[in-house]
Amino acid sequence: MGTSPEAGITGWLCSILLILSFNVQAADKPEPLLVIVIDDLGDNQAKGIAAINLPGALTYAFLPHTPFSSSLAKRAYKSGKEVILHAPMENKAGLRLGPGALTQSLTTAELAQVLNGGLDAIPNVVGMNNHMGSLLTEDRQKMQTVMRVARNRGLFFLDSMTTPATVAWKVAAEQGVPVLMRDVFLDNKREREYIHQQFVQALALAVTKGQAVAIGHPYPETVAYLAEALPQLAKLGIKLVTASELLELRPQRSLIQKKPSLKGCDRHEGHCPSYPLASSSKQNPGTITDQLNTD
Ligand SMILES: [Zn+2]
């Protein structure tokens, strides 16, 4: 309270710089690697361009068959960024999925066809992660189909971890698909202080585990924060890498067995509380947040 955002980020950097660098040097740990994925690209050109203009090796996840997904994916690739498919998967909350959605009612052949269609629509795609998917990623059979497509096309899979019971990462590992798991959602709340807190959590994980995967969205608040924070990573001894670079650099560490712990809005597919609901009869954002914090 009382400090400007600029003063806040500068103060933060000064205060944790020594701690982080001491941790890195003292413990003889590998260089901390941080992956940042920007999800939900393709619907809005201006927000997409702003996100792609962020400095460094970011990974961009495009929703299939959206108005700007193809042009933005080309733009990202030309800017040296990584492009992945943000595959919409059925969720338990009744949230709208958009085109190219993978749902439980699809047969195996249909699911593969829809997924291949989504991948074909995104130029230079090298991997995928799930958009929402709290229902589908718990379905082992559906995930086997998804991972078969990923393996056949030589793609990696990033489990967005939208449900604690996801089997996506397990099935990917079983089928030999390079796999990562999301550690932190940066912007479940579109507030600078919250984004800052989540970003610091991602840095701390990168330092303690050697790597961390954070997911954000092309919100103006997130892009503004990252535009200031990303150039500071080198000073902190943390290397920003794309998802596939992490898999190349740390293949043996890419799949760390961990008990997924989801809290707060993580339960809401990484899109709470402002994401539009499919039905107006759903809870209002306040009650969703309240419910999510109860168990
Ligand atoms: Zn998404």
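Which residues is Leu34 in contact with, leaving aside its neighbours within four places in sequence? In this predicted model, the list is Ala202, Leu203, Ala206, Ala212, Ala214, Leu233, Ile238, Lys239 and Leu240. Leu34 itself sits in strand E1. Its C-beta atom has 26 C-beta neighbours inside 10 Å, so Leu34 counts as buried. Leu34 and Ala243 are 209 residues apart along the chain, yet 8.9 Å separates their C-alpha atoms.

The whole chain gives the setting. The protein chain has 295 residues, and 45% of them count as buried. Its secondary structure consists of 10 helices and 9 strands. Among contacts with a separation of 6 or more, 73% join residues 24 or more positions apart.

Leu34 also belongs to the largest nonpolar core, which has 77 residues. The residues with the most contacts inside this core are Leu34, Tyr60, Phe62, Phe157 and Ala214. Strand E1, residues 33–41, gives the most to the core, with 7 residues. Phe62 has its own set of partners. Leaving aside neighbours within four places in sequence, Phe62 is in contact with Leu41, Gly42, Ser69, Leu72, Ala73, Val83, Leu85, His86 and Ile122.

The next element to consider is strand E4. Of its 8 residues (125–132), 7 are buried, so E4 is largely enclosed by the rest of the structure. E4 pairs with strand E3, residues 82–89, through 6 bridges, and the two strands run parallel. Within this pairing, Ala87 stands opposite Asn130 of E4. Between E3 and E4, the chain passes through helix H4, residues 108–120, in a right-handed β-α-β crossover.

E4 also pairs with strand E5, residues 156–159. Here 3 bridges join the strands, again in the parallel sense. Met128 has Phe157 in E5 as its bridge partner. Phe157 is also one of the residues with the most contacts inside the core. From E4 to E5, the chain crosses through helix H5, residues 140–152, and this β-α-β crossover is right-handed.

Two residues stand out by their backbone angles. Most residues other than glycine have a negative phi. Asn124 has a positive phi, near 65°. This residue is located in the loop between H4 and E4. Asn124 is partly exposed, because 13 other C-beta atoms lie within 10 Å. Met132 also has a positive phi, of about 60°, although it is not a glycine. Met132 lies in strand E4. With 28 other C-beta atoms within 10 Å, Met132 is buried.

Helix H8, residues 220–229, shows how buried residues are placed around a helix. Which residues of H8 are buried? They are Thr222, Tyr225, Leu226 and Ala229. These four cover an arc of only 95° around the axis, which puts them on the same side of H8.

Conventions:
Residues numbered from 1 in each chain as written. Predicted model: local features only at pLDDT ≥ 70, side-chain atom pairs only at ≥ 80, totals over all residues. Core = buried A, V, L, I, M, F, W, Y, C linked by C-beta atoms within 7 Å. Buried ≥ 20, exposed ≤ 12 C-beta atoms within 10 Å, placed from the backbone. Contact = placed C-beta atoms within 7 Å. Pairing = 2+ DSSP bridges. Right-handed = clockwise from strand over helix to strand, strands pointing away. Arc of directions from axis to C-beta.
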